Amino acid sequence: MPKDNVERAIKKASGKDQADYKEVVYEGYAPHGIAVLVETATDNPTRTVANVRSYFNKAGGSLGTSGSVDYMFEHKCSFKVKMKEEIDLEELELELIDSGVQEIFAEDEFIMIYGDFEAFGPLQKCLEENGFDIENAEFERIPQETRPLSEEQSADIEKLLARFEEDDDVTNVFHNMG
């Protein structure tokens, strides 16, 4: 069998299993004026945007344009690390300040650490160098202002959020519901 045929067969076989996934963020308004950001990872953006639009429309909301609600959220990184014995949170905060930490507090047997989106790498490196056991590290979009709703209104929004969560392409959903 010619070498070209073998190489072509290998490329064809490996190409089927490797889909080209794209990360796309959709923005929109849910009912009652709630801003919603939907982060997705998809191999078919046309399908995903149609699904996201239909979820908004069925709930009485609307899909917005890029930048329509993003400005209402702060993009942060967060770390959840195991508490060490004899650790002084103020000392740790001073040590991490050069790495971009913004907030540190204790929660049960963990230390919660928040910083700007850009500070993720330096914070992770500093925590690992100091021997902290990182339980969880992620990016979050925190609303600058929340909007309080009645129980009935909250139920409407919860139904919409549940639809998003059930979609295989959706990775995260952020909102400003209080």
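Me: A pocket is an open set of points on a 1 Å grid over the protein atoms alone, where a 1.4 Å probe fits, with protein on both sides within 12 Å along at least five of seven lines. What is the volume of the largest pocket here?

Reply: A volume is the space filled by probe spheres set on the points, joined across faces, edges and corners. For the largest pocket that gives about 240 Å³. Its lining (residues with an atom within 4 Å of a point) has 13 residues, with Glu23, Glu39, Phe139, Thr171 and Asn172 closest to the centre. Two or more lining residues come from each of β1 (22-29), β2 (35-42), β7 (134-143) and β8 (170-175).

This is a predicted model: local features need pLDDT of at least 70, side-chain atom pairs pLDDT 80 or more, while totals for chains, interfaces and linings use all residues. Numbering starts from 1 along each chain as its sequence is written, and side-chain values use heavy atoms, without hydrogens and water.

Me: How do the residues of that lining divide?

Reply: Five are nonpolar, four polar and four charged. Asp, Glu, Lys and Arg count as charged; Ala, Val, Leu, Ile, Met, Phe, Trp, Tyr, Cys and Pro as nonpolar; the others as polar.

Me: Which residues line the second largest pocket?

Reply: Tyr29, Gly33, Ala35, Tyr71, Met72, Gln144, Glu145, Thr146, Arg147 and Asn176. They split into four nonpolar, four polar and two charged. The space in this pocket is about 160 Å³.

Me: How many helices and strands does the chain have?

Reply: Both are DSSP runs: helices H or I, at least four residues; strands E, at least two. The chain has five helices and eight strands. From the N terminus, the order is α-β-β-α-β-β-α-β-β-α-β-α-β.
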